[in-house]
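Colleague: I would like to go through this model with you. Could you take my questions in turn?

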Amino acid sequence: MIDWENLHYFSVFSEEKSLSAAARKLGVDHATVARRIAQLEQNLKLKLVDRRPRTYVLTSDGERLAKVVARMMEETFSIERLAQAGQQEVTGTVSISMPPLTAAHLIMPQLGKFYRHYPQLKLRVLGDVHYVSLLHSEADIAVRFGRPKDEYLVARKVGEIPFGIYAAPNYLASTDPESYEWISAEVGGVHGQKQQKLKERLNNKEPIMITNHPELQWRAACGEVGLAVLPDFLEGLGNLVRLPDDQPMSAEIWLVTHEDLRHSPAVRVVMDFLMGCFESFRV
């Protein structure tokens, strides 16, 4: 008898391509992932991975099984979405993925009002720098800076957020313009494009600091480390100053869900709530 939990662990490993990444996604240690894969190999009497120094690599049998398991997981997620969409009451849990700064400064301050209207509904809010998979039910709704292209997604543009170049007043007062440093966040889209423009503006100087999280980029700018590209909704926070800029750029805000969930009452009320949070950014 196949242990379906072992198949799930193997599926995540085959997607993430490493034990450590799979362990982070599953919320376990890497030894647990390795043990689950070994149990599946023993059960199937197949060698699914080559155990090389510091890495696991799928064998040909492992590659074939990964494709089968991926199809199985997609069907499982389809069943879960079907069940969720079939609920007629506004209850249960809705998960939302969005950029961390957006969640912290545009959504969290409005949540009290939402819960007063829908106390029976629970939200799972994920502050994600990178896009999660709605196909694999990693979230029910996503807030994305940029229009998605996947055919199975339903998307609605709800506004545009301008990005600017910011720095602390004390940093600007104590630093000559030719000596300006800048702080980089490992992001894409308009945020990343605007950072490239800032780099060119500073004669292609490399950043003095790199972070994988925009919140840390913002905090570093507040801490007088250097210049940073940030969304304009932070302008009134942290005592930052917006520098003159002749290359304005804005990111489109899109609300996205899987087409199977578009008629779910719970998902619809959360989508309506999020649209209200972005009201001031409509164009």
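The questions below go from the whole chain to single helices, loops and a pocket.

Modeller: This is a predicted model, so local features need pLDDT of at least 70 and side-chain atom pairs count only at pLDDT 80 or more, while totals for chains, interfaces and linings use all residues. Residues are numbered from 1 along each chain as its sequence is written, and side-chain values use heavy atoms, with hydrogens and water left out.

Colleague: How many helices and strands does the secondary structure of the chain come to?

Modeller: Helices (H or I, at least four residues) and strands (E, at least two) are DSSP runs, numbered from the N terminus. The C-alpha trace spans about 70 × 50 × 30 Å along its principal axes. The count for the chain is ten helices and eleven strands.

Colleague: What percentage of the contacts in the chain with a separation of 6 or more comes from residues 24 or more positions apart?

Modeller: A contact means heavy atoms within 4.5 Å. Among contacts with a separation of 6 or more, the share from residues 24 or more positions apart is 73%.

Colleague: What percentage of the residues of the chain count as buried?

Modeller: Buried means under 20% relative accessible area, exposed over 50%, and partly exposed in between (1.4 Å probe, protein chains only). The chain has 283 residues, and the buried part is 45%.

Colleague: How far does helix α1 reach from its first C-alpha to its last?

Modeller: The expected span of a helix is 1.5 Å times one less than its number of residues. Helix α1 (residues 4–16) has 13 residues, and 18 Å is expected. Its buried residues include L7, F10 and F13. The reach of α1 is close to the expected value, at 18 Å.

Colleague: Is R54 buried or exposed?

Modeller: R54 sits in the loop between β1 (49–52) and β2 (55–58). R54 is not a glycine, yet it has a positive phi of about 70°. At 89% relative accessibility, R54 is therefore exposed.

Colleague: Which elements cover the buried residues of α8?

Modeller: Helix α8 (residues 189–201) has 13 residues and should span 18 Å; its end C-alpha atoms are 19 Å apart, which agrees. Its buried residues are V190, H191, G192, K194, Q195, L198 and K199. Just after α8, N203 takes a positive phi of about 60°. The cover includes β6 (153–167), β7 (182–185), α9 (214–222), β9 (227–231) and β11 (249–258).

Colleague: Which residues does A220 touch, not counting those up to four places away in sequence?

Modeller: A220 is in helix α9. Its relative accessible area is 9%, so A220 is buried. What covers the buried residues of α9 includes α5, β7, α8, β8 (209–211) and β9. The residues that A220 touches are I183, M209 and V225.

Colleague: Which element gives the most to the lining of the largest pocket?

Modeller: On a 1 Å grid over the protein atoms alone, a pocket is an open set of points where a 1.4 Å probe fits, with protein on both sides within 12 Å along at least five of seven lines; lining residues have an atom within 4 Å of a point. The largest pocket has 26 lining residues, with P99, V129, Y131, F145 and V187 nearest its centre. β3 (92–98), α5 (100–107), β5 (141–145) and α8 each supply at least two. The element that gives the most, with four residues, is β5.

Colleague: What is the volume of the largest pocket?

Modeller: Grid points are joined across faces, edges and corners, and a volume is the space filled by probe spheres set on the points. For the largest pocket, this comes to about 430 Å³.
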